Amino acid sequence: MATLTWKGKRPIDENDQVLSSHAAQLYTVETFPGSPLESVVLSGQSPANGWYNRLICGDKSFVLPALLPEFARAVDLIYIDPPFMTGRDFTSGTQLAYSDKWKNDLDVYLQWLYEAFALLHILLAEHGSLYVHLDWRATHYAKIILDEIFGVSPSAEGGGFKSEIIWHYQTGGRSYKTYARKHDTILLYTKTDRYCFHGERIGERRGSQKRNHMRKHVDPDGHITWTIRSAGRLYTYDEDTIMTLSDVWSDISHLHQKDPERNGYATQKPAALLERIILASSEEGDLVLDCFCGSGVTPLVAERLGRRWIASDQSSLAMQVTQKRLLALEQRCPFVLQRSEAYV
Ligand SMILES: C[S@@+](CC[C@H](N)C(=O)[O-])C[C@H]1O[C@@H](n2cnc3c(N)ncnc32)[C@H](O)[C@@H]1O
């Protein structure tokens with residue numbers, strides 16, 4: 001199998017010393033009351049049983065090892081939108097949200113990403129899925145690293161790579177030197193072939209618009225069906241058939257400056273993106289993790305959709321914004337605000 005190397009590459013596994021030396025404790029700073037959703041109670045994981053959603057302020061290098069004793073192989077869905085290695089600092093007004101400069105050292109960035117992927121792989125449940133959101137700067141490296149960690153199945157039937165989703169948008173400028181960059185990439189990897197996927201929840205109705213080379217039939221009552229002959233077989237689809245969504249998502253726009261959903265956090269992603277991912281790859285009551293939660297879109301949508309969540313970020317601005325958004329929800333489960341040892 002092809003693997004990627006870089007200066008200072010150091011693999012880690014479950015028995016690694018790095019894990020125990022980094023295993024910071026998590027301290028609860030505050031508990032926010034709420035009423036557990038029915039789905040969460042039914043999952044057997046309500047506050048009565050000791051379950052609280054968790055918002056954690058801390059560097060992923062401390063937070064992820066600290067989660068291992070309790071959550072190894074227990075997380076159903078992970079979405080991460082890490083720094084993309086843009087070479088920039090991101091601010092909100094005059095306050096620094098986070099730095100994405102890496103002293104311009106790709107080796108350092110790749111080792112950092114590698115360690116995150118390895119720990120997330122350990123945290124993922126057998127039927128779990130990992131979505132990694134990046135762009136042209138690092139997606140190609142991430143894919144090779146993820147192949148190494150998740151394994152490459154010769155038949156494409158096992159775990160490992162499942163999809164490369166192109167999130168296509170219209171915002172951003174245009175260069176006259178090359179093609180305008182108008183997409184991010186979201187890689188989907190699963191731990192095994194027994195992963196949760198509900199294409200029907202996010203699919204689109206086939207409808208009455210002509211697609212491909214299909215032939216249209218209109219019944220006397222006006223009902224439309226489509227047929228196509230392929231390899232000697234005739235396939236017939238009703239206009240109400242739900243088609244699995246393709247891996248190019250052009251129907252969700254970036255949040256423009258005046259969008260009411262905007263909360264001022266520089267790299268905020270739209271809730272619609274997370275809605276799609278959470279609906280497709282988890283069940284109600286499942287546990288969703290995001291260790292780069294930024295403005296809190298993952299915990300917010302997980303909460304709305306009746307999932308349990310753990311969200312963390314090293315930025316205090318991210319914590320403020322996420323906490324504010326969660327507290328503004330009319331109905332929410334109780335959650336705790338925690339800090340990793342490095343922040344005490
Ligand atoms: C692209 S932003 C995430 C944006 C988020 N998805 C949203 O919709 O708001 C990346 C986040 O990673 C966080 N981050 C960067 N380095 C980190 C680290 N070592 N540990 C934890 N979080 C980190 C940053 O503070 C930032 O909030």
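**Exercise 1.** Which residues in H8 are buried?

*Solution.* Start with the ground rules. Residues are numbered from 1 along each chain as its sequence is written. The model is predicted: local features need pLDDT of at least 70, side-chain atom pairs count only at pLDDT 80 or more, and totals for chains, interfaces and linings use all residues.

Step 1: apply the cut-off. A buried residue has 20 or more other C-beta atoms within 10 Å of its own, with C-beta atoms placed from the backbone. Helices (H or I, at least four residues) and strands (E, at least two) are DSSP runs, numbered from the N terminus.

Step 2: list them. Val297, Thr298, Pro299, Leu300, Val301, Ala302 and Glu303 are buried in H8.

Step 3: conclude. H8 spans residues 297–304, and seven of its eight residues are buried, so the rest of the structure largely encloses this helix.

**Exercise 2.** Find what the buried residues of H8 pack against.

*Solution.* Contact means C-beta atoms, placed from the backbone, within 7 Å. The partners include strand S2 (53–57), strand S3 (75–80) and helix H7 (271–281). Strand S15 (287–290), strand S16 (308–313) and helix H9 (316–327) are also among them. After H8 comes Gly306, with a positive phi near 75 degrees.

**Exercise 3.** Describe how H4 and H5 pack.

*Solution.* Step 1: geometry. Helix H4 (residues 106–123) and helix H5 (residues 139–150) pack at about 40 degrees, their axes 10 Å apart. Axes are lines fitted to C-alpha atoms, for helices over the stretch in contact; angles run from 0 to 180 degrees between N-to-C directions.

Step 2: residues. Those of H4 include Leu110 and Phe117; those of H5 include Ile145 and Phe150.

Note on methods
Buried ≥ 20, exposed ≤ 12 C-beta atoms within 10 Å, placed from the backbone. Contact = placed C-beta atoms within 7 Å.
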